[in-house]
Amino acid sequence: MTAVADTAPQSAARERGPRTPWALTAPALLLFVGVLLIPLAMTVMLSFHDWGQYKGIEPVFILKNWHEIATDPYYAEMFWRTFRIAILTTLLTAVLGAPEAYILNRMSGRWKSFFLLVILGPLLISVVARTLGWALLFGGNNGLVNKLLMSLGVIRAPIPFMFTETGMVVALAHVMMPFMVLSVWAALQRLDPQIENAAMSLGAGPVTIIRRIIMPQIMPGVLSGAIIVFSLSASAFATPAIIGGRRLKVAATLAYDEFLNTLNWPLGAAVATLLLVALILIVVGSNALIERRYAEVFR
Amino acid sequence: MAYLELDRVAKQFGAQTVVDDFSLAVGKGEFISFLGPSGCGKTTTLQMIAGFLDPTRGAIRLEGKDLTAIHPAKRGLGIVFQSYALFPHMSAAENVAFGLEMRNVPRAERAERVRAALAMVGLAGYEDRHPRRMSGGQQQRVALARALVIKPSVLLLDEPLSNLDAKLREDMQIELRQIQRTIGTTTILVTHDQNEAMSLSDRIVVMSQGRIEQIGTPEETYERPASAFVSQFLGKTNDFAATIDRTSAPARLVAGSWSAPAPAGFSGPVTVSVRPERIGFGDAGLAAKIVTRIFQGNHWLFQCESECGPAIVIRQNDGQTQPAEGETVRLAWRPEDMSVRAGAPA
C-alpha cells in the first residue's frame, strides 16, 4: 500500500458499496463472457447437434458425434498422435531448454542479454514464417539442407521431414523453446547465488552439484515450462498444418478440416471440445501433483 | 610455523586492484577477523582462501602446502555464507549430511555425526525441518553445523550474523565463540561490525581499500590504532589538533588549554586522538561547552564544542551529577590515554 492510499479519507471507502468491485470489473467481465464463455458454450452445444450432407446442421440433442469419436479408431489414432507429439516436444524442449537456461544464467552481463535476445527472438517472428523456414531447409528434394547433403554424398535420399511426426516435433520444439527457457530461467533466478560454492566447499564435483543441488531446485521451473509447452503443442495448429498438412492430421487440424472442408460443424465442435477437456484435465492434474511434490521448493 | 599463511596476496579485476599485498600468518586454533567497510576486499580475500577466486599474485599456504593448487572441493574448508546458502530442497539433517556423503562416510557414522553437529548448535529435534520453515537464526545454526560437521581445517565465516536482529546477533556471537573454543577450529570471520570483531576474535585484521591497516588483538587495535582510519573505524574517537612546543624545557604537547609533556619523536603540528570514554570533566584542561546531553541508560553521551573543534565524551552513569547542556566545562585526559600522530587532523 502506498502512503497516499493509506491517508485517503476513510469515508470514501465506506461510501463504496458492495457493488463497486462488480461495477469496476464489469467491462472486462462482459468482454470475457462475450468473446470467450458464450462462444465456448455454443461450441459445446454444437457438438450435440446433428449434421447431414444435404440437410446441414439440425439443432437437436443427440450423442451421434460423441459416439462416432468414441468408437471410430480413426479419432483415437488422431488424439494419440496429438498427445504423442506434444509429449515428445515437451521432452525435447526440457532436455535442450533446461541446460540452455542454465548456461545462459552463468554467462556474464553483455553476453547474457545478447543470448537472451537470441532465444526470445523467434517469438518476434510469425509461427508460419518459422515453420515454412523448416520446410525450405528439409522440404523433399528441393530442401536446402537435403540438396547440400545429397550433393556432398552424405545421404542418398532426402531426409524425411515434411509429413512426418519427427518433423512436427522438431518444428514445434523450435517454436516452444522460449517458453521452456524462460520458465527454467525464472526458477534459476530464485537460486541462492552462493549455493554452488556452498556445495563445492563441502566436496561436491560439478556433476554432483548439478544433479543433487541445481536439478531439484529448478525442477518446478522445468515442470511448469513443460505444462505450458505441452498444452500449447497439443493445441497447436499452424505448425502441424504446414508440416503435416492433410496427410498427418492432429486434433487441431482435424477440427479445422471438419469445420471448413467437410462443413460438419457439430463433429468439429466435438473434437475441439474433447481436446479442450483433455488438456484441462492434464494441466490441472499435473499442476496439483507438482505443487504437492515440490511444496518445500515453492515456499 | 604458521598454520595458515597468506603471503603478499593480491587480486585484480581488470585494472582494478581489490586486494593488495595481503600478508598474514594465522596460528592453529586462532580466531581471526577481517574487519573493514564494504568494498575493502575482505570478502575477496576470504573467497581466495576458499578457492572461489584465484589470487592474481602471492601464495596461500595451509600447513606449508600451497592451497591455491588444490581444487576448492578438495580443500576441506568449512564455509558459512552470509545468505547461509542452505539447500532448500533438503531437510536440516540432509543439509548437514551432504558434506559427509561427499566424503563417503558410512551411513551409521554419518547419522551419528549429523545428530551431534545439530545438537552442538542447539538444533536437536529439528532434523526433518526444511530450511524455509526455519527462522533466520535457526538457518544460521544449520549452516554452521553443516560447515563444522566435516571437521574443516579452517572455518570461514562470511558475515554470518549480519542478517540477524541485534539481540539474536549478540546471543549468536557468544555461542559462536564458545563453539569455536570447544572444538578449536582455526576460524576466519569477515565482518564490517567492529563490535562483532572485537568480541569474537583473538586478532583483528583491519582492512581499507584492499590493504591491511593493522593486525592486532582487539585491545591493541582499539587502544593503539596504527592509523587514523583504524581509530575512526573501531569505535568513536576524538581527533584534536595540537602542537609540540619546543620553547619550554622539557618540550610540551599543547592542545588548546590542555598540555602534557611532549612524547619523543614528534615536532610541529600533531593530531591527538582520545577515546570519548577516556575524557573526564576536570578543573583544568581543554575548554568546552556542552551542546547536547543524551542519556543512554548505563552511560551519558555529551556532544561538546571545544576550543579544538567538536568533541564527544562518554561518562559512566555512576550516580554522580553530570553537567547540563549549555554548561562550560574543562576536558582532561591522562597522557597515556591518547595516541599521537604527526600532522594535522584530516
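**Close-up views of chains A and B in a predicted model**

**View 1. The contact between chain A and chain B.** In this predicted model, the contact draws 19 residues from chain B and 17 residues from chain A. On the side of chain B that touches chain A, the element that gives the most is helix α2 (residues 92-102) of chain B, which supplies three residues. Sorted by class, that side of chain B holds 13 nonpolar residues, together with four polar and two charged ones.

**View 2. The packing of helices α5 and α9 in chain A.** Helix α5 (residues 73-106) of chain A packs with helix α9 (residues 165-189) of chain A at an angle of about 45 degrees, and their axes are 6 Å apart. By class, their contact has 20 nonpolar residues, alongside four polar and three charged ones.

**View 3. Helix α4 of chain B and its surroundings.** Helix α4 (residues 136-148) of chain B, with 13 residues, reaches 18 Å from its first C-alpha to its last, which is close to the 18 Å expected at 1.5 Å a residue. Because 10 of the 13 residues of α4(B) are buried, this helix is largely enclosed by the rest of the structure. The buried residues of α4(B) run from B:Gln139, B:Gln140 and B:Arg141 through B:Val142, B:Ala143, B:Leu144 and B:Ala145 to B:Arg146, B:Ala147 and B:Leu148. Among the elements of chain B that cover these buried residues are the strands β6 (78-80) and β7 (154-158), as well as the helices α2, α3 (107-120) and α5 (166-183).

**View 4. Helix α5 of chain B and the residue that follows.** Helix α5(B), one of the elements covering the buried residues of α4(B), has 18 residues and reaches 26 Å from its first C-alpha to its last, close to the 26 Å expected at 1.5 Å a residue. Just after α5(B), B:Gly184 takes a positive phi of about 70 degrees.

**View 5. Chain B as the setting for these details.** The secondary structure of chain B comes to eight helices and 20 strands, and its C-alpha trace spans about 80 × 45 × 35 Å along the principal axes. Of the 346 residues in chain B, 40% count as buried. Among the contacts in chain B with a separation of 6 or more, 64% are accounted for by residues 24 or more positions apart.

Definitions and conventions:
Residues are numbered from 1 along each chain as its sequence is written. Chains are lettered from A and ligands numbered from 1 in the order in which they are written. This is a predicted model: local features need pLDDT of at least 70, side-chain atom pairs count only at pLDDT 80 or more; totals for chains, interfaces and linings use all residues. Two residues are in contact if their C-beta atoms, placed from the backbone, lie within 7 Å. Helices (H or I, at least four residues) and strands (E, at least two) are DSSP runs, numbered from the N terminus. Ala, Val, Leu, Ile, Met, Phe, Trp, Tyr, Cys and Pro count as nonpolar, Asp, Glu, Lys and Arg as charged, and the others, Gly among them, as polar. Axes are lines fitted to C-alpha atoms, for helices over the stretch in contact, and angles run from 0 to 180 degrees between N-to-C directions. The expected span of a helix is 1.5 Å times one less than its number of residues. A residue is buried if 20 or more other C-beta atoms lie within 10 Å of its own, exposed if 12 or fewer, and partly exposed in between; C-beta atoms are placed from the backbone.
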